[in-house]
Amino acid sequence: MPQVVVLGGGIGGQVAATRLKQKLGANARVILVERSATFTFAPSLLWLMVGKRTPPAITRDYSHLTRRGIEVLHAEVTGIDVEASAVRCGESTIGYDHLVIALGAALDSGRLPGLAEHTQHPYDFASAQRLQSALAAFQGGRVVVAIASLPYKCPAAPYETAMLIDGYLRERGLRNQSVIEMYTPEPLPMPVAGAYAGYRVAAELAGRGIAFHAKSQLEGAEAGQLRIGGSSIPFDLAVAIPPHRPPAVIATSGLAGPNGWIPVDRSTLRTRANNVYAIGDNTVIPLENGMMLPKAGVFAHGEAEVVAENIARRIRGDLTEAAFDGHGTCFLETGRGKSGLARGDFFASPVPQVEMFRPRHRWHLAKVAFEQYWLRRWI
Ligand SMILES: Cc1cc2nc3c(=O)[nH]c(=O)nc-3n(C[C@H](O)[C@H](O)[C@H](O)COP(=O)(O)OP(=O)(O)OC[C@H]3O[C@@H](n4cnc5c(N)ncnc54)[C@H](O)[C@@H]3O)c2cc1C
């Protein structure tokens, strides 16, 4: 019986494994390897940060996958040997006929001095909880939100972070005693979505009194001060989106490109190795404007659908292939019950074609509906 192994049980891995089992049933073994016992729906971490979600509402164990007939192995993936068609997971070696790599992007706070000790962030479950406590204890002052480096997950998330903190401080009556500033190495917010979207987000920040500083490189942190572009920026609360890096196991797999991420065919998500696909945040997909496809769940999900379909076709003997088309939609939560919406074709030539809709209550409701769809339908 063909054996399909999925590495990583995040957004991409869970969709790929679920679809593979649905399509192949008893005609294939589907094995998913994931180090964590618990999955967190990352987009909801920003609501957790401002106390609008509880941990049980946005986390799940993996029993839903087992019920679907997927074999779930909780282990660390320590080796990928594409010559032997096998992966090393803890003490075991698992062979595969088809492999899907969906190991995401790792956070690397240690890359900048002082970042781990002196700043907060909402980019993983434990850190988002710590930031929630810090915000609950905050009594007003200077909040600095800084993006450490590119690429990072979800082009909108750091900007949502700043605007949600703005809304939270207003609700608590602390906004008049507070300053919020945002720094990024980018030339404008969400540059991959084009100048119009960027200026719209910058206008939303300005409308909330959030000072926006583009082309500003974070260099490190110490008690009460960030070093940005050679200057010392004082803070009472610093939120720094940490540097991201490819998962360590990719480096020794022979699949990494020059920047460490896995280059793939943008339509089929094939890597350079036979029957090995990579999806989601651990890949790099250049766009026609010279930028990279953003690291976002919406793309990990869409890519997983295509890869599952193509592996199922191959196993059934059908050599035609479905293609990933680079379309994606993203909500930009702006606080106080409103969201904007960006959607478009990121594979369009010569530049991505992205529409941006101004913040409205109904986009916020749509974002909540999307969260509930994910939490109920997929996990
Ligand atoms: C705060 C925040 C808000 C976001 N908001 C949005 C949003 O609104 N919309 C959107 O589209 N995207 C959003 N994203 C981005 C989205 O969460 C990611 O792009 C998406 O999860 C990527 O899916 P993935 O499957 O590639 O990786 P992940 O979902 O990160 O999954 C990777 C999995 O691999 C596991 N793993 C890694 N290494 C190993 C190993 N060696 N052995 C075993 N297991 C391993 C990890 O534990 C993890 O479960 C947000 C992200 C954050 C942090």
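Tutor: Thr119 is buried, at a relative accessible area of 13%; buried means under 20%, exposed over 50% and partly exposed in between, with a 1.4 Å probe and protein chains only. This is a predicted model, in which local features need pLDDT of at least 70 and side-chain atom pairs pLDDT 80 or more, while totals for chains, interfaces and linings use all residues. Residues are numbered from 1 along each chain as its sequence is written, and side-chain values use heavy atoms, without hydrogens and water.

Student: Where is Thr119 placed?

Tutor: Thr119 sits in the loop between helix H5 (115-118) and helix H6 (125-137); helices are DSSP runs of H or I with at least four residues, numbered from the N terminus.

Student: Which residues does Thr119 touch?

Tutor: Leaving out residues up to four places away in sequence, Thr119 touches Gly114, Ala221, Leu226, Ala238 and Ala240, where contact means heavy atoms within 4.5 Å.

Student: On to the ligand: which residues come nearest?

Tutor: Gly12, Glu34, Val77, Asp281 and Val298 come nearest, out of 30 residues around the ligand; a residue counts if one of its heavy atoms lies within 4 Å.

Student: How do the residues of that shell divide?

Tutor: The shell holds 15 nonpolar, 9 polar and 6 charged residues. Ala, Val, Leu, Ile, Met, Phe, Trp, Tyr, Cys and Pro count as nonpolar, Asp, Glu, Lys and Arg as charged, and the others, Gly among them, as polar.

Conventions: Helix = DSSP H or I, 4+ residues; strand = E, 2+ residues; numbered from the N terminus.
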